[in-house]
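Please find below a colleague's note on the packing of secondary-structure elements. The points are meant to be read alongside the displayed sequence and structure.

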Amino acid sequence: MHDSISKLLRVQDLDSQILFMREAIRVRPSELDDDRQKLSRAEGAVTAMTGKIKERRIAADQRELDVKKFDEEITKFRIALNQPKSNAEYSVFRDSIERQTEEQGKAEEEVLEILAEIDVLQDQLRESESHEAAVKKSFDRKSTEISELIKGLEEQVNTLEEDRRGRVAGVDPEHLRLYERVLERHRNHAIAPVEDGVCRGCNMRVTPQNINRLMLSDLVQCTQCTRLSLIHISEPTRR
């Protein structure tokens, strides 16, 4: 085995752990996606309910204004009813009072119906707010757990990277650069074993020439995947 391969195997062991942890750091936040959507829906329900209550209150206020206007009209016609200029005018005033009174009654009924509707909506709002609070509490708890987990992983990565700096110190710089280029390309392993004449990095056959070079402990790259090749040479059996 080439001396650089021997040293780089120890580096690769750390790199595998570092890559695994970095990937975990990258994907962990996505575990909150479903919870974030649930929270968004819960908040949206509260917002929608609050908006509906506001809308119904505006409607109730408007109808209460209508009640007051009808009351003013009724008062005006009642005053005029006491001073009619003719029977026809008296009948007009009386009919107007009846009509305004009827419309006023309808408006008052609508106000009561809207207020009853608001009471129901208020109960629903309280339920929505309670649900939102529970969802948010769950989201915050899980978010904290993931943040703490990521922090722990980052600390482990820092420790491993420091250890890695010590391990690469004795590696030939050119061979290290080659290893890192291959690692960046494949994002998993830059060194692959050769078994039964096949590179286990890409499952393609290794040329006999490269097999011979590996047997001589040369530094060899797979012609297909460019990974650095590793072959174990068995010690001869002593008799």
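**Notes on helix and strand packing**

1. Helix α1 lies across strands β1 and β4, and runs at about 105° to β4. Helices (H or I, at least four residues) and strands (E, at least two) are DSSP runs numbered from the N terminus. Axes are lines fitted to C-alpha atoms, for helices over the stretch in contact, and angles between N-to-C directions run from 0 to 180 degrees.

2. The model is predicted: local features need pLDDT of at least 70 and side-chain atom pairs count only at pLDDT 80 or more, whereas totals for chains, interfaces and linings use all residues. Residues are numbered from 1 along each chain as its sequence is written, and side-chain values use heavy atoms, with hydrogens and water left out.

3. Helix α1 (residues 3-27) packs with helix α3 (residues 87-168) at an angle of about 160°, the axes being 9 Å apart. The two helices are therefore roughly antiparallel (an angle over 145 degrees). The crossing of α1 past α3 is left-handed, that is, the near helix is turned anticlockwise from the far one by less than a right angle.

4. On the α1 side, residues meeting α3 include Val 11, Leu 14, Ile 18, Met 21 and Ile 25; their counterparts in α3 include Ile 150, Leu 153, Val 157 and Leu 160. Contact means heavy atoms within 4.5 Å. The residues of this contact comprise eleven nonpolar, two polar and nine charged. Here Ala, Val, Leu, Ile, Met, Phe, Trp, Tyr, Cys and Pro count as nonpolar, Asp, Glu, Lys and Arg as charged, and the others, Gly among them, as polar.

5. With helix α4 (residues 173-186), the axis of α1 comes within 11 Å and crosses at roughly 35°. This crossing is right-handed (clockwise in the corresponding definition). Ser 4, Leu 8, Val 11, Gln 12, Asp 15 and Leu 19 of α1 meet His 175, Leu 176, Tyr 179 and Leu 183 of α4. By class, that contact has six nonpolar, three polar and one charged residues.

6. Four strands form an open sheet in the order β3-β2-β1-β4, with mixed pairing. Its edge strands, β3 (204-205) and β4 (228-230), each pair on one side only. Two strands pair if DSSP finds at least two bridges between them.

7. Strand β1 (residues 191-195) pairs with β4 in the parallel sense over three bridges, and Ile 191 has Leu 228 as its bridge partner in β4. Towards strand β2 (residues 198-199), β1 runs antiparallel, joined by two bridges; Glu 195 stands opposite Val 198. The β1-β2 hairpin has two residues between its strands, and Asp 196 in the turn has a positive phi of about 55°.

Technical notes. Angles under 35 degrees count as roughly parallel, over 145 as roughly antiparallel, 65 to 115 as roughly perpendicular and the rest as oblique.
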